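I opened this entry to record what I looked up, element by element.

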Amino acid sequence: MYHSMKIAGLDRKLPLCPLNEKLQIGAFVMFGDAELTVACADALLKKAPEFDYIITAEAKGIPLAHEMSRQSGKKYFVARKKPKLYMTGVFDVVVNSITTEGEQHLYLDTAEAAEMKGKRVIIVDDVISTGESLKAVEKLIEMAEVQYAGALAVLAEGEAADRKDIIYLEKLPLFDAEGNVL
């Protein structure tokens with residue numbers, strides 16, 4: 001089963017994936033879809049508030065952040081799922097995402113945090129659903145003492161579409177076990 005929708009002017013079919021016995025989500029994956037990534041970056045930049053830097057959580061937001069960086073000329077950073085040897089130190093927060101089982105962590109290099117300090121930063125992601133990943137990145141940039149400029153996503157899923165504190169391109173509904181929109 002698929003959910004067909006128009007995203008940044010492009011038609012796409014999202015496969016429905018069960019979360020549990022009663023609920024399915026439309027799987028939105030930008031990896032490998034350069035046409036969609038370019039179009040979404042352009043559309044989000046037109047809606048974006050003034051910013052100096054972009055940050056995203058590893059991994060599905062990386063192509064979007066990269067393309068938004070390329071189009072805007074503004075640098076982007078990635079909150080990583082694991083600390084890397086090259087990191088000079090890390091800020092660490094816990095995140096529980098509906099698309100990944102179990103507790104996860106996000107890490108921000110303290111050197112990158114120092115570069116962003118005092119600057120306007122936008123958080124970008126492919127989909128905002130429960131908002132848990134967004135909250136985790138917000139905590140990281142708070143630790144970095146940046147000016148939070150806003151959160152942007154391609155899709156707002158379920159109740160996230162009712163939020164007034166995020167900017168998004170399209171609403172992504174939730175689906176019952178039979179594939180009907182809830």
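Predicted model: local features only at pLDDT ≥ 70, side-chain atom pairs only at ≥ 80, totals over all residues.

5 strands form an open sheet, in the order 5-4-8-9-10, and the pairing is parallel. I then checked the edges. Strand 5 (76–79) and strand 10 (166–172) are the edge strands, each pairing on one side only. From one strand to the next, the twist averages 20°.

Next I looked at strand 8 (residues 120–128) and strand 9 (residues 147–157). They run parallel and are joined by 8 bridges. Val 124 stands opposite Leu 152 of strand 9.

**Strand 4**

How many residues of strand 4 are buried? I found 5 of its 5, so I noted the strand as mostly covered, taking buried as under 20% relative accessible area. I then sorted them by face. Tyr 53, Ile 55 and Ala 57 are buried on one side. Ile 54 and Thr 56 are buried on the other. In a regular strand, side chains alternate between the two faces of the sheet.

I followed the pairing on either flank. Strand 4 runs parallel to strand 8, with 3 bridges joining them. Strand 4 and strand 5 also pair in the parallel sense, over 4 bridges. Ile 55 has a bridge partner in each neighbour: Ile 123 in strand 8 and Phe 77 in strand 5.

**Asp 126**

Is Asp 126 buried or exposed? Asp 126 lies in strand 8. Its relative accessibility is 4%, so it counts as buried. I listed its contacts, leaving aside neighbours within four places in sequence. They are Phe 28, Met 30, Lys 60, Gly 61, Leu 64, Ala 153, Val 154 and Leu 155.

For helix 2 (residues 62–72), I noted the buried residues: Leu 64, Ala 65, Glu 67, Met 68 and Ser 69. I asked what covers them. The cover includes helix 1, strand 4 (53–57), strand 5, strand 8 and strand 9. Just after helix 2, Gly 73 takes a positive phi of about 80°.

**Helix 4**

I checked the length of helix 4 (residues 132–143). It has 12 residues and reaches 17 Å from first C-alpha to last, close to the 16 Å expected at 1.5 Å a residue. Its buried residues are Leu 134, Ala 136, Val 137, Leu 140 and Ile 141. They cover an arc of only 160° around the axis, so they sit on the same side of helix 4.

**Cores**

Which residues touch the most other members of the largest nonpolar core? The core has 28 residues, and the answer is Ile 55, Leu 106, Leu 108, Met 116, Val 137 and Ile 166. Helix 4 gives the most to this core, with 5 residues. I also found another core, apart from this one, of 26 residues; Phe 28, Leu 44, Ala 65 and Leu 155 are among them. In soluble globular proteins, nonpolar side chains tend to be buried together.

I took Leu 106 as a case. Neighbours within four places in sequence aside, its contacts include Ala 136, Val 137 and Leu 140. Ala 57, Ala 79 and Phe 91 are also among its contacts. So are the charged residues Arg 80, Lys 81 and Asp 92.

I ended with the backbone. Most residues other than glycine have a negative phi, and most peptide bonds are trans. Which peptide bond is cis? The bond from Glu 58 to Ala 59 is cis, with omega near 20°. Ala 59 lies in the loop between strand 4 and helix 2.

Ala 8 is not a glycine, yet has a positive phi of about 50°. I placed Ala 8 in the loop between strand 1 (2–7) and strand 2 (10–18). Its relative accessible area is 24%, so I logged Ala 8 as partly exposed.

Glu 145 is not a glycine either, and has a positive phi of about 60°. At 49% relative accessibility, Glu 145 counts as partly exposed.

Notes. Residues numbered from 1 in each chain as written. Heavy atoms only, no water. Pairing = 2+ DSSP bridges. Helix = DSSP H or I, 4+ residues; strand = E, 2+ residues; numbered from the N terminus. Axes fitted to C-alpha atoms, helices over the stretch in contact; angles between N-to-C directions. Expected span 1.5 Å × (residues − 1). Buried < 20%, exposed > 50% of the residue type's maximum accessible area, 1.4 Å probe, protein only. Arc of directions from axis to C-beta. Core = buried A, V, L, I, M, F, W, Y, C linked by side-chain atoms within 4.5 Å. Contact = heavy atoms within 4.5 Å.
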